Amino acid sequence: MSFKEEVALTLRGARMQRRVIGALIIRELHSRFGQHYYGYIWLFFEPLLLGSAIGLVHYLNDHSAIFGPFEFFAAGYILYFIFRGILNRATAAIRSNLHLLYHRTVTLPDIFFARHLIETISCIGVMFVFMFALFVVNGEMVEDPTKIILAFIGMALLTQGMALMAAAATEAMEGMERAVHAFTYLTLPICGMFFLVEWLPESLQELALYVPMVHLFELMRDGQFGSRFQAHYDLGYVAAWILVTHLLGLAALRITRQRLGLE
Amino acid sequence: MTISMKLSPLITLSEPSASRSGEALEPAPPPQPWLLRLVRKPFFLLVILPSLLVAFYFYGIAAPQYVSEARFVVHSRGNDGGGPAAALRAAAGGALGGLGGAMSSGEANSIRNFLSSLDAVMQANEKLDLVELWRRPEADFLARIWFTEPERIARFFKHMVTVTLDPMTGVTTLQVRSFRPEDSKELAETLLVAAESLVNRLSERARGDTLRLAQQEIEVAERRVQESRAALVRFREQERELDSAGAVQAALVLRGQLEGALAQARAELTERQQFMRPDNPALQATRNRIEALERQISAERSRHTDSTANVGGAVLARQLAAYERLMLEREFADKQLASATASLETARMEAQRQQLYLSRIVQPNLAVYPLYPRSFTNTASIFLGLVIAYGIGWLLIVGMREHAA
């Protein structure tokens, strides 16, 4: 096969994969929310409600923060929701979609890509709604929306890598599912949702910056109110995490696929 | 179709092209040499070759870069009242106040900011000509500076000069890279001098601000003292009276004496009337004395207090009031001057404590061995990154192809 043919084959595959993912997104939405419109609304409302609730709790608790605690925690929770939503759903993804694999054109990563696209797009949409609402209420625009979107995409990619690994691990080992759930809860205090790196003592700052999510939270807050604090983030570090987790996750999924067999 | 059939050709993606072309060529007598086969593999093209190029650059072409390092602390004699951030940092830093006064993290931070600013770059450029310095003939084409615009020099400068502040110890480390050890040292020295002058300027400014206010206060007080003295002198010249209070005292004493004499004369008269005839001349003399005394007393009284008295009889009461006002003014002015002097003294002490110092801990050194470029680290990390990227790309492309199969 010549190089040209190989490229043509790859492109044909890419087109096909796009269609498969599109179809999977529709299917996933149907199976998750039913065929009614309010199901789709729920997709946006879940993170929005949870984010607002958490923001409200902190708003009532604490008036002394530098930024509005509502903006701080609610936006933080929406970003965290990507992480939680993707990673927690990943463990059940293979089992619940096993029958789809009878179709030759559906591959394991497609299932994940479709789900993650849904989560990411809905969370970014929620963030936009949220930013708009704050703009209406406070009359104060976020400083750099590009950074916020970048943070969301980075978080989605990072979590995707982790989710691929988590899914493969769940298939390989019994009980991994619980471990993954425990992991998402354990990351909650250290992921940067509740703090700015600047607030930490120096010795902890260095430790906190080992956690890739912290960089993304910092990036988002830099976009929200970057002029009011000193953001600490290194996107190269996050990119390295994304690459390594994707490599391991995709490779592990290939192994899983072989193990599943499916005649 | 079984899954194994479906997957088996995919797992070995890199092979098909080689093996198929191998198959195609196998009938032909001259088989492709192994080197050519290797070269045509995507892994070689996308990972090995770039890594080799990078390694070739770092080990073959890259000019050695020499590092000159200097360390310094910025500290002040007193505590820095640098707001909550500084306080927090001080709290986080714990007991670091050993080195002759507290470290001033805020100032150290501003020095660090200064050292990576365009201003510092331009100051260094005036003295050393940075473009010349980073475009030495021995510099390789990739690492040398390509631009002469100030902003781009500043960007390159940030690449070659790193300033790091260790918040725990307050030590700022300045690292300068260039293609000659002497250049590095000289640039580090220049930057240190610039930082020192900045610290002096900041310190001067802080002192000036504190002192100027106190100085102004003293000037005002001094002027007031002088004015009050001058007013007093004017008053004395005008009224021809050195001490109005004294004059009043004297007048009172005189009046007391007159009153005493009058009382005595009256007693004498009464006593003499007991045994003398009314027309006795001695009685008359006493009466005359009493009369004279009474006249004298009333004259004195009118001189002191009667404001309707004619000009010749100066009104002592008015004089006294003016005099006392002037004395009071003088007293207040003196007190103000004293307090202003005291506050200047305090301000001077405060300024002494606010004084900033930049103390060099490590002088810029003259490098012997070039620490940069980090050939192995760079090559290895690029290789590793390419391997990972290749792996992901391979997995993704294989995934795509599965759909087309």
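**Close-up views of a predicted two-chain model**

View 1. Although A:Glu46 and A:Cys123 are 77 residues apart along the chain, their C-alpha atoms are separated by 9.6 Å. This is a predicted model, in which local features need pLDDT of at least 70 and side-chain atom pairs count only at pLDDT 80 or more, while totals for chains, interfaces and linings use all residues. Residues are numbered from 1 along each chain as its sequence is written, and chains are lettered from A and ligands numbered from 1 in the order in which they are written.

**View 2. The largest nonpolar core, with 68 residues.** A nonpolar core is a set of buried Ala, Val, Leu, Ile, Met, Phe, Trp, Tyr and Cys residues joined through C-beta atoms within 7 Å. The members that touch the most others in this core are A:Ile78, A:Leu79 and A:Ala167. Elements giving two or more residues to the core include helix H3 (69-96) and helix H5 (145-172) of chain A, and also helix H14 (375-404) of chain B; H3(A) contributes the most, with 17 residues. Leaving aside residues up to four places away in sequence, A:Leu79 touches A:Ala151, A:Phe152, A:Met155, A:Leu216, A:Phe217 and A:Met220, contact being defined by C-beta atoms, placed from the backbone, within 7 Å.

**View 3. The antiparallel strands E2 and E3 of chain B.** Strand E2 (residues 161-166) and strand E3 (residues 171-178) of chain B are joined by six bridges, and strands pair if DSSP finds at least two bridges between them. B:Thr162 stands opposite B:Gln175 in E3(B), and in the hairpin, which has four residues between the strands, B:Gly170 takes a positive phi near 80°.

**View 4. Confidence along chain B.** Among the elements of chain B, helix H1 (residues 3-11) has the lowest mean pLDDT (41), whereas E3(B) has the highest (90). Over residues 309-313 of chain B, pLDDT stays under 50.

Methods. Buried ≥ 20, exposed ≤ 12 C-beta atoms within 10 Å, placed from the backbone. Contact = placed C-beta atoms within 7 Å. pLDDT = per-residue confidence, 0-100.
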